[in-house]
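User: Could you help me read how helices pack and how strands pair in a model like this?

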Amino acid sequence: MDETSGGVFQATSDAPSVTLYFSEPFDLDTVRMSLSDEGNTHTTVWDSLGFHAGRMLDVTVSSRTEGTSVYTGPVSQRLLSGDPSSEVVVMPETREGVDSVRLDFPNVTAGETISLSQGFQANQAVPVVVHWPLVIFIAIIGLLVVCALPGSIPSRTRWLECTAMRRTVTAGVVVVLGLVSVAASYVSGPQEDVTMNETFAAYNDPMQFQHVAESMLEGHAWIDEEVPSWLAEAENPYDFDFRRSESLSNGEAYLFDYAFYDGRYYSYDGILPVLTLFLPYRAITGTDLSNNAATAALAVVATVMAVCLANALLSRFRRDASVSEHVFGMLAMWLCTCVLWLAFYPTVYHEVILSGVSAAEGGVALWISADADGRRPLRRSRLLLGSLLVGATLLARPALVLCSLIALALYWHRFFRKPPEEREFFGTSGTAALNTALTILPILLMGVVAMAWNYARFGNPLDFGYKYNLTGFDMAHKTTSSRQVLFGIFMYFFTPVIANCSFPFFDANTLWFTTQPYSDMMGTISGIIIESYYGGILAFFPFITLGILLLLSPKARTNLKRMFGSKLPLLLSFIAVAIAIFDSTVAVTQRYQADFTWLLCCCSLIAYCSWANARQENMKACHFALLPLMILLCVSVVLCFANLFATDRYAALTITNPSVWWSAETWFLGIS
């Protein structure tokens with residue numbers, strides 16, 4: 001490199017280096033310097049913060065007495081300040097008799113400039129730097145714990161007695177969680193470009209729903225994209241090995257994770273996001289709605305539905321709930337809806353899950369609020385809208401239609417415990433007939449819409465098209481064994497979090513199963529598909545387990561019967577396990593947890609409500625029970641946010657937005 005001015009060097013070749021010589025040898029503990037390449041072209045807004053994140057800095061320390069040691073690491077790993085330069089602190093092992101230090105920049109190309117104008121310092125103490133995002137995050141965690149303390153104002157204020165506070169807190173929670181969800185949907189960058197997947201020898205086209213919207217406006221169900229001739233003529237186009245081989249040999253790649261039927265591409269995913277977002281947007285504007293915007297909108301809707309469901313549950317089963325209990329419920333339900341994880345990767349897979357779970361949660365919330373206390377007359381408008389939303393799950397995640405069974409448990413006391421003439425459902429009166437129709441007919445209507453769409457695509461009203469998916473295995477001929485299902489259930493519920501000592505302190509659980517004896521066991525289970533996975537429900541959401549255990553109290557079970565909810569926890573658990581079994585037949589992947597984790601959260605909240613109601617005369621005991629639940633909830637918050645920085649997840653920040661990842665890594669300088 002040539003020095004153009006004081007401390008500013010221009011690379012004369014790719015991967016240049018600079019060697020700094022010292023007049024006398026000395027013992028070196030740390031190297032500190034300020035680097036900047038702000039004069040170069042930045043590819044993203046994040047890069048303008050300082051030295052490009054992801055750039056490599058190799059520091060070679062030459063010692064007369066001990067030879068040469070090498071430190072290699074991304075420069076932003078030691079980022080301590082952002083604008084205009086990046087502080088770098090390299091901490092090699094202590095070297096005696098050091099006479100020179102060489103800086104290598106393997107990612108810098110000829111013509112670029114590197115500034116060392118701020119100087120080079122040896123054996124300087126690492127400065128204390130306040131990282132405000134981390135400070136704010138810790139403050140919020142602390143505030144949640146304080147909120148749950150027995151003497152706090154939120155713990156002493158009853159939710160239903162303070163309308164102003166109730167509205168303010170609900171709006172505040174929705175705004176904060178909504179903004180976090182929107183930020184998560186944009187932090188990994190746009191997901192719109194068609195890319196080549198070398199592993200599968202196929203194109204990744206994330207604009208699947210945009211293509212469906214365009215096709216519907218043109219009056220047909222298939223996606224108008226060119227199909228390779230070899231794929232159209234294949235005897236079994238679903239054979240992955242065949243597809244990969246033909247794609248490589250013919251030079252014609254296919255669209256990965258699209259349904260292929262009768263010589264044409266289709267989308268096998270539910271159509272609900274298309275009907276609610278992509279189709280109206282294209283019809284009005286004539287352009288495509290971006291996946292980031294669609295995911296952000298759906299994440300906000302999911303946030304609102306999760307908050308509404310939590311408040312409906314607590315208002316129905318614990319009339320004397322405090323503000324603290326409602327705050328706990330809202331945040332717990334949002335976490336268990338997995339909005340944060342789903343929003344982080346704005347793509348078709350997560351859009352359809354967000355829409356399906358939002359519909360299910362919104363429908364159940366309306367059903368609960370329609371039956372305010374189990375005794376007053378039903379609110380039929382909410383009954384109708386709730387059924388429409390639950391039925392709409394057939395247009396997104398069909399397995400979630402099992403949530404329709406929740407109506408049986410909610411309204412059990414209104415028909416099975418009464419004579420036929422007094423029943424409010426399935427009775428002989430006009431009221432019973434109307435209530436029954438308002439509950440069942442909307443679900444059947446949504447079922448008819450789903451069957452019509454299935455028939456338009458695949459000629460069979462009951463064929464949702466999953467088996468036609470061009471994925472990483474032969475979906476059409478995939479078999480499922482009982483061992484595979486049991487293994488999937490074990491993974492979804494019981495696998496631990498695999499922690500390490502380096503940021504982001506996570507390892508994928510798939511690594512755990514590459515070691516014996518687990519690898520031997522997996523080898524005997526054919527067809528098991530495990531994507532990047534980091535831990536089961538009990539590990540990520542420990543408050544669920546503690547909440548459900550409260551039902552072991554006889555008083556809690558007795559109170560639940562008095563509240564007409566004795567059937568709910570068992571039914572919710574049954575539906576959650578049934579959906580998990582269905583998902584296990586396809587794959588074990590983090591996004592599928594959103595289908596059923598929220599059901600277990602409902603079960604946990606109901607269990608807590610019944611336990612607290614049974615001890616209503618001892619409010620101090622209720623408050624102290626809430627505190628460990630809130631602490632466990634804070635643990636879940638930390639785990640869920642930290643998991644976003646995992647390096648082997650989809651849309652990993654180390655690839656999509658490395659500046660954010662490396663900046664966050666510096667929050668833990670000296671730890672990792």
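Predicted model: local features only at pLDDT ≥ 70, side-chain atom pairs only at ≥ 80, totals over all residues.

User: At what angle do the axes of helix 11 and helix 12 cross?

Analyst: Helices here are DSSP runs of H or I with at least four residues, and strands are runs of E with at least two, numbered from the N terminus. Axes are lines fitted to C-alpha atoms over the stretch in contact, with angles from 0 to 180 degrees between N-to-C directions. Helix 11 (residues 348-370) and helix 12 (residues 380-392) cross at roughly 160 degrees, their axes coming within 7 Å. They are therefore roughly antiparallel, the term for angles over 145.

User: And helix 21 with helix 22: what is the crossing angle?

Analyst: The axes of helix 21 (residues 568-584) and helix 22 (residues 597-614) cross at roughly 165 degrees and come within 8 Å. That makes this pair roughly antiparallel too.

User: Which strands are at the edges of the sheet?

Analyst: Strands pair if DSSP finds at least two bridges between them. The open sheet has three strands in the order 11-12-13, with mixed pairing. Its edges are strand 11 (195-197) and strand 13 (254-255), each pairing on one side only. Strands 11 and 12 (residues 202-204) run antiparallel, joined by three bridges, and N197 stands opposite A202 in strand 12.

Note on methods:
Residues numbered from 1 in each chain as written. Heavy atoms only, no water. Parallel < 35°, antiparallel > 145°, perpendicular 65-115°, else oblique.
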